[in-house]
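Welcome! Here is a short tour of the spaces in a protein and of the molecule that sits in one of them. Take a look first, and then we will go through it together.

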Amino acid sequence: MIVGAQWGDEGKGKIVDVLSESFSVVARYAGGHNAGHTVIINGKKFVLQLVPCGVLRQGCRSVIGNGVVLDPMAFLKEVAALRDAGLKVDGNLFVSNRAHVILPYHRMIELAAENAPGRVKIGTTSRGIGPAYEDKMGRRGLRVADLLDLQLLKKHIENAVREKNMIAHALFNSEPLDADKMYAEYAAAAEKIAPFVADTAVLLNQALAAGESILFEGAQGTMLDIDHGTYPFVTSSSATSGGAATGTGIAPNAIDSVIGLTKAYCTRVGEGPFPSEEKGDAGQQLRVRGNEFGAVTGRPRRTGWLDLPLLRYARMINGISWLVVTKLDVLDELAEIPVCVGLKIDGKPTGEIPAQASGFDKIECVYHKMPGWRASTQGATEFGQLPKAAQEYLAFVEKETGVRVGMVSTGPERDQIIFADEFAREMQTRSPGKV
Ligand code: GDP
Ligand code: IMO
Ligand code: MG
């Protein structure tokens, strides 16, 4: 499985696209259309938000698992765009009947809450993700199976809209939403979604039993995980590897390989702690060279240096067995590259990752400056093609994290990739019945 080891946007889309060649099924287990996974194939750009990137490979089935929150309108829009691009979605893409549905009042409440005085602003993607997961955990959500049950849908929308309008008016003075109009729109959407709906836990387990291989496509990243991230500046789901089991219905002991993705530097979108953030010119240079602008909201991403203590933390939380380093080419022009090798709190070294956002305010990074290579790595496909300093940079990451680098991405295109031999072999000869 593929999991983000930072704050998202590590290049999961590209890596899933490269690896999906050797997998029968690609499954999403968490998040919703807050994700933006960009894949570039022969100069053609695809930004996938809800649909797993496996859809771009012929013969690969795609599953939206129960742990995902599904915005029906966003889903249908994405499906239409994929069909227009000539891709086969019908009969190839499956949505869990147990996934929760995002409705317009989720967005209404999120937007109002984000801007309400006194509330901590998270800098969300405004997609209704948090409020939809709140309703799921509060046991008052609507699931995809319920969306297809029109009588139940009508009743659910009537009750929920009445309640949400009252809450939103009382707390934020929001304009009320119209339940009848909402029902008409979502009943029509339900009809179009119905052919995609399945018991995807059964589908995935049957695929495993038949010896097929499944690739989990993580969304967001470890530091955005609801439990293990920089709470409250996180998303509302379990983005880490543990979420893959509950988010799909595949047992945890079927997962045998966790591939952690990290950029060769670091970025974050939205508010919250970012110890190795580089706010000066060098940070701006990373943003420009790395084209660090959010795929979903267009916001400039905050940029900074690789943070090894956080990477070690991500390794621990996810059980990362291989690292993939992306966007190495973005560092090509730098004379030296700072890497955060340790953390200090109140001037004293610490091995702890703080549980509170306020704890992060006191954190200082200890930097080690690595020599840059000032040569192009763009498009390299062999470790041997990399300048010596780039090879040393990767070796340093391996030594400091204790995890081997299985792949290095050297550009956004599918073929701009380096495979370590052993990693490539492992991908070809995975244990049958394992993820
Ligand atoms: P995801 O959310 O983890 O799938 O990542 P995003 O797609 O949001 O962001 C990664 C961005 O970097 C995308 O625009 C990719 O096309 C691009 N990208 C991926 N790998 C590389 C790479 O190795 N080099 C460069 N320059 N760009 C890359
Ligand atoms: P991918 O899958 C980067 C961030 C938002 C915000 C916080 C909460 O492309 O890596 P939310 O809308 O989820 O309630 O917002 O999480 N965020 C992401 N940042 N990549 C993502 O997904 C993200 N999904 C959510 O910017 O800070
Ligand atoms: Mg993204």
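How far does a polar side-chain atom of Lys-327 lie from an oxygen atom of ligand 1? The distance is 2.9 Å, and it counts as a polar contact (a pair of N or O atoms within 3.5 Å). Please keep in mind that this is a predicted model, where local features need pLDDT of at least 70, side-chain atom pairs count only at pLDDT 80 or more, and totals for chains, interfaces and linings use all residues. Residues are numbered from 1 along each chain as its sequence is written, chains are lettered from A and ligands numbered from 1 in the order in which they are written, and side-chain values use heavy atoms, with hydrogens and water left out.

**Around ligand 1**

- Ligand 1 is surrounded by 18 residues, each with a heavy atom within 4 Å of it.
- The closest of these residues are Lys-12, Gly-13, Gly-36, Asp-329 and Ser-409.
- Ser-409 has a polar side-chain atom 2.5 Å from an oxygen atom of ligand 1.
- Glu-10 uses its backbone instead: a polar atom there is 3.1 Å from an oxygen atom of ligand 1.
- On its own, ligand 1 has 580 Å² of accessible area (Shrake-Rupley method, 1.4 Å probe), and the protein covers 92% of that.
- Sorted by class, the shell has 3 nonpolar, 8 polar and 7 charged residues, with Gly counted as polar.

**Pockets**

- Ligand 1 sits in the second largest pocket, in the sense that more than half of its atoms lie within 2 Å of the pocket's grid points.
- A pocket is an open set of points on a 1 Å grid, with protein on both sides within 12 Å along at least five of seven lines, and lining residues have an atom within 4 Å of a point.
- The largest pocket has a volume of about 1,100 Å³.
- Its lining has 50 residues, and Ile-122, Thr-124, Val-234, Thr-235 and Ser-236 lie nearest the centre.

**Cavities**

- A cavity is a set of grid points where a 1.4 Å probe fits but cannot get out.
- The structure holds 3 cavities of 30 Å³ or more, and the largest cavity has about 50 Å³ of space.
- Residues lining the largest cavity include Trp-305, Arg-289 and Glu-333.
- By class, that lining has 5 nonpolar, 1 polar and 2 charged residues.

Terms used
A polar contact is a pair of N or O atoms within 3.5 Å; within protein, one must be able to donate a hydrogen and the other to accept it, and residues adjacent in sequence count only if both atoms are side-chain atoms. Grid points are joined across faces, edges and corners, and a volume is the space filled by probe spheres set on the points.
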